[in-house]
Amino acid sequence: MTAPTLEHGTYSTYTNHGCTCAACTTANARYHGNQRSRRRAERITIDGRLTHPTCKHGTASSYSNYCCRCEPCTDAHYAADLRRSRSRA
């Protein structure tokens with residue numbers, strides 16, 4: 001029995017099989033870019049700030065991945081950035 005042939009240039013080959021060839025890496029980047037764009041389009045304005053309605057607020061991840069700019073997410077992003085810069089010094 002032979003091993004299945006992988007279809008390169010797909011998100012699933014990158015994630016399920018760990019392939020890091022240029023085509024699969026590009027497919028992964030494209031997938032995540034599309035996800036980020038979709039989440040960015042879902043944001044609404046609350047108190048003058050672009051806020052994502054369904055993300056977990058107060059995390060640096062929500063600031064980065066959902067582009068949420070509510071005060072708790074902005075504060076968490078700032079705190080994480082400060083920790084990173086201090087750890088490099």
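Me: Why is the contact between Asp81 and Arg84 called a salt bridge?
Reply: The term asks for a side-chain nitrogen of Lys or Arg within 4 Å of a carboxyl oxygen of Asp or Glu. In Asp81 and Arg84 the closest N and O atoms are 3.5 Å apart, so the pair qualifies. This is a predicted model, where local features need pLDDT of at least 70 and side-chain atom pairs count only at pLDDT 80 or more, while totals for chains, interfaces and linings use all residues. Residues are numbered from 1 along each chain as its sequence is written, and side-chain values use heavy atoms, with hydrogens and water left out.

Me: Where in the chain do Asp81 and Arg84 lie?
Reply: Both belong to helix α4, residues 71–88, and are 3 residues apart, about one turn of the helix. Helices here are DSSP runs (H or I, at least four residues), and strands are runs of E with at least two, numbered from the N terminus.

Me: What makes Asp81 and Arg84 partly exposed?
Reply: The label covers what falls between buried (under 20% relative accessible area) and exposed (over 50%), with a 1.4 Å probe and protein chains only. Asp81 has 36% and Arg84 has 39%, so both fall in between.

Me: How many salt bridges are there by this rule?
Reply: The count is 2. Besides Asp81 with Arg84, Glu42 meets Arg38 at 2.8 Å, N to O. Glu42, at 32% relative accessibility, is partly exposed, and so is Arg38 at 39%.

Me: Why are Tyr11 and Tyr31 called a stacked pair?
Reply: Rings of Phe, Tyr and Trp (its six-membered ring) pair if their centres lie within 6.5 Å; planes under 30 degrees apart count as stacked, over 60 as edge-to-face and the rest as tilted. Tyr11 and Tyr31 are 3.8 Å apart centre to centre, with 20 degrees between the planes, so they pair and are stacked. The count of aromatic pairs is 1.

Me: Which parts of the chain does the pair of Tyr11 and Tyr31 tie together?
Reply: Tyr11 is in helix α1 (residues 11–17) and Tyr31 in helix α2 (residues 22–41), so parts 20 residues apart in sequence are tied together.

Me: How do you know that Arg69 sits over the ring of Tyr63?
Reply: For this, NZ of Lys or CZ of Arg must be within 6 Å of the ring centre and within 35 degrees of the ring normal. The charged end of Arg69 is 3.7 Å from the centre of the Tyr63 ring. Arg39 likewise lies over the face of Tyr66, 4.5 Å from the ring centre.

Me: Is Cys67 buried or exposed?
Reply: Cys67 is buried, at 4% relative accessibility. Its place is the loop between α3 (60–65) and α4, and its phi is near 55 degrees, a positive value in a residue other than glycine. Most residues other than glycine have a negative phi. Asp47, in the loop between β1 (44–46) and β2 (49–51), also has a positive phi, near 50 degrees, but Asp47 is exposed at 78%.

Me: What is the order of the elements of the chain?
Reply: From the N terminus on, they run α-α-β-β-α-α. The radius of gyration is 18 Å, well over the 12 Å that the globule rule gives for 89 residues, so the chain is more spread out than a compact globule. That radius is taken over C-alpha atoms, and the rule is 2.2 Å times the number of residues to the power 0.38.
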